[in-house]
Amino acid sequence: MGTLGRAIYTVGNWIRGSGQALDRFGSLLQGSYRLEEHLSRHQTLMNVFDKSPLVDKDVFVAPSASVIGDVQIGKGSSIWYGCVLRGDVNNISVGSGTNIQDNSLVHVAQTNLGGKVLPTTIGDKVTVGHSAVIHGCTVEDEAFVGMGATLLDGVVVEKNAMVAAGSLVKENTRIPSGEVWGGNPAKFMRKLTDKEIAYISKSAENYINLAHIHSAENSKSFDEIEVERALRKKYARKDEDYDSMLGIVRETPAELILPENVLPEKTTTRVPTTHY
Amino acid sequence: MATSLARISRRCVTPSLSSNLIRRYFAAEAVAVATTEAPKPKSEVTPSPDRAKWDYRGQRQIIPLGQWLPKVAVDAYVAPNVVLAGQVTVWDGSSVWNGAVLRGDLNKITLGFCSNVQERCVVHAAWSSPTGLPAETLIDRYVTVGAYSLLRSCTIEPECIIGQHSILMEGSLVETRSILEAGSVVPPGRRIPSGELWGGNPARFIRALTNEETLEIPKLAVAINHLSGDYFSEFLPYSTVYLEVEKFKKSLGIAV
């Protein structure tokens, strides 16, 4: 059996070799227009000369995010897909339990029209929505920056304040605690109810749990991914109703079970959102 | 003179430095990739020495979570930059362009036939919607979602155009054959009636659409479908990067 296995392996190698030769020939035919794929050079954490990011070990940094320069991220925070935290000309510090959602940009200002130097500080348990742009601001603990919001230089978002989605907050605006500001330019809209304030910190916790599963999934090795793919394919055909009719109880493989705290709660509480 | 000096110094310094880092990365990967370590006592930032600054694999396009696996139709174009996570279904003829993030981790996301989600969009779904209806994000057929839009738990009925940089919040409904202007923000739970043009922040009625304009909407989606066909044919079914990886590993002395 050993020699047969070795023979098959050698034949396999020949076929792969000829396949690669065919690929090279096809690239030759395509000439300069061929698509050359290279290893991804994307750096998740990148230094700018001597400024290097300081990221806690509990933080989920998505592989497609870029954390560059003088950035400090506290425990339990999450930086989601496609974000850019660019601490090149000044310092960015992100607290613990904060989530910076997909495609957001956090940058700092070295100088601005007023001549002030503005590091960006984002406190603990802050939720920064998708595609937000935060430039040289201070966002205090348990604040909520809505998705698509643009916060310009020197903005201070106080504790428990909310910036509505899509708003443009002009320079040096101060958003007082417990209020919702929105629009372009951002103006006071209404005050937050207590339930909504509680919801802000609950949403930060939800994101900490979500970040755990995403982090686990993104850091899997090739073998683990393949094993799970096979498991998923095998498990896909199982139908619980049919099984219960037959009296069979099948077990979901452990790798395919999501932790309870990520699945929706069976309560009927409404989710408070920013109403216009 | 200065440039040649820089080049020589770079050549001397870089291989040893980077190969050390890379060797350590590969070693960590070989053992067990995780950031599990002894619990740390204080609230200071304690970085993990195992965190990889550079992963040669880059970001995976399709990220399964638990039992959910994103499904992409065979002729749908999904750009290599895109992240599909959780319960995402991309149906036939549709396209997802560069930099988009479709995160179906809390609820389902469906992208219908011949629709397109353009560059840098973020499509997410909340657990529950303020309207009480199911909070999945459903983008029906022939919908064009313009670049840099943010869609969260909304329903977009067939044949719509969502302008660039628009924001659709939880529970909003865009009825068939309507157009949202660029930069519009649709508040939670709002409904854009059929056949009308809305825009602004918050979105307000601008005018009704003429019949000709209504007929153009699916044509735009089909045009983008044709464009995505060009992009789709650029890529091979399986990439040949594995050859580079094998060469790289061999040059570092790691078992292939």
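Me: Where is the place of A:Lys125 in chain A?

Reply: In this predicted model, A:Lys125 lies in the loop that runs between β9 (120–122) and β10 (127–128) of chain A.

Me: What makes the phi of A:Lys125 worth a remark?

Reply: Most residues other than glycine have a negative phi. The phi of A:Lys125, a residue other than glycine, is positive, near 55°. In chain B, the phi of B:Tyr142 is likewise positive in a residue other than glycine, near 55°, and B:Tyr142 sits in the loop between β9 (137–139) and β10 (144–145) of chain B.

Me: Why is A:Lys125 called partly exposed?

Reply: The relative accessible area of A:Lys125 is 23%; buried would require under 20% and exposed over 50%, so A:Lys125 falls in between and is called partly exposed.

Me: Which peptide bonds are cis, and what is their omega?

Reply: Most peptide bonds are trans. The bond that joins A:Asn184 and A:Pro185 is cis, with omega about 0°, and A:Pro185 belongs to the loop between β19 (179–182) and β20 (187–191) of chain A. In chain B a cis bond joins B:Asn201 and B:Pro202, again with omega about 0°, and B:Pro202 is found in the loop between β19 (196–199) and β20 (204–208) of chain B.

Me: How do you know that the span of helix α1 of chain A agrees with what it should be?

Reply: Helix α1 of chain A has 29 residues, residues 2–30, which at 1.5 Å a residue should span 42 Å; its end C-alpha atoms are 42 Å apart, and therefore the two values agree. The residue that follows α1(A) is A:Gly31, whose phi is positive, near 70°.

Me: What makes up the largest nonpolar core?

Reply: This core has 50 residues, and those with the most contacts inside it are A:Ile73, A:Ile79, A:Leu85, A:Leu151 and A:Val157. The elements that give two or more residues to it come from both chains, namely β3 (60–61), β4 (66–73), β6 (84–94) and α2 (194–218) of chain A, together with β4 (83–90) and β6 (101–111) of chain B. The largest share, four residues, comes from α2(A). A second, separate core of 35 residues includes B:Tyr77, B:Ile109, B:Leu111 and B:Cys121.

Me: Which residues does A:Val157 contact, leaving aside its neighbours within four places in sequence?

Reply: A:Val157 is in contact with A:Thr138, A:Val139, A:Glu140, A:Ala143, A:Leu151, A:Val163 and A:Ile175.

Me: Why is the pair A:Asp102 and B:Arg103 called a salt bridge?

Reply: Their side chains meet with a nitrogen-to-oxygen distance of 3.0 Å, and the rule asks for a side-chain nitrogen of Lys or Arg within 4 Å of a carboxyl oxygen of Asp or Glu, so the pair qualifies. Across the interface of chain A and chain B the rule finds three salt bridges, and 14 residue pairs are in polar contact between these chains. On the side of chain A that touches chain B, the largest share, seven residues, comes from α2(A).

Me: How many residues of the two chains are in contact, and what area is buried between them?

Reply: 67 residues of chain A are in contact with 65 residues of chain B. The area buried between the chains is about 6,000 Å², of which carbon and sulfur atoms give 56%.

Methods:
Residues are numbered from 1 along each chain as its sequence is written. Chains are lettered from A and ligands numbered from 1 in the order in which they are written. This is a predicted model: local features need pLDDT of at least 70, side-chain atom pairs count only at pLDDT 80 or more; totals for chains, interfaces and linings use all residues. Side-chain values use heavy atoms; hydrogens and water are left out. A nonpolar core is a set of buried Ala, Val, Leu, Ile, Met, Phe, Trp, Tyr and Cys residues joined through side-chain atoms within 4.5 Å. Buried means under 20% relative accessible area, exposed over 50%, partly exposed in between (1.4 Å probe, protein chains only). Contact means heavy atoms within 4.5 Å. The expected span of a helix is 1.5 Å times one less than its number of residues. Buried area is the accessible area (1.4 Å probe) that two parts lose on being put together, summed over both. A polar contact is a pair of N or O atoms within 3.5 Å; within protein, one must be able to donate a hydrogen and the other to accept it, and residues adjacent in sequence count only if both atoms are side-chain atoms.
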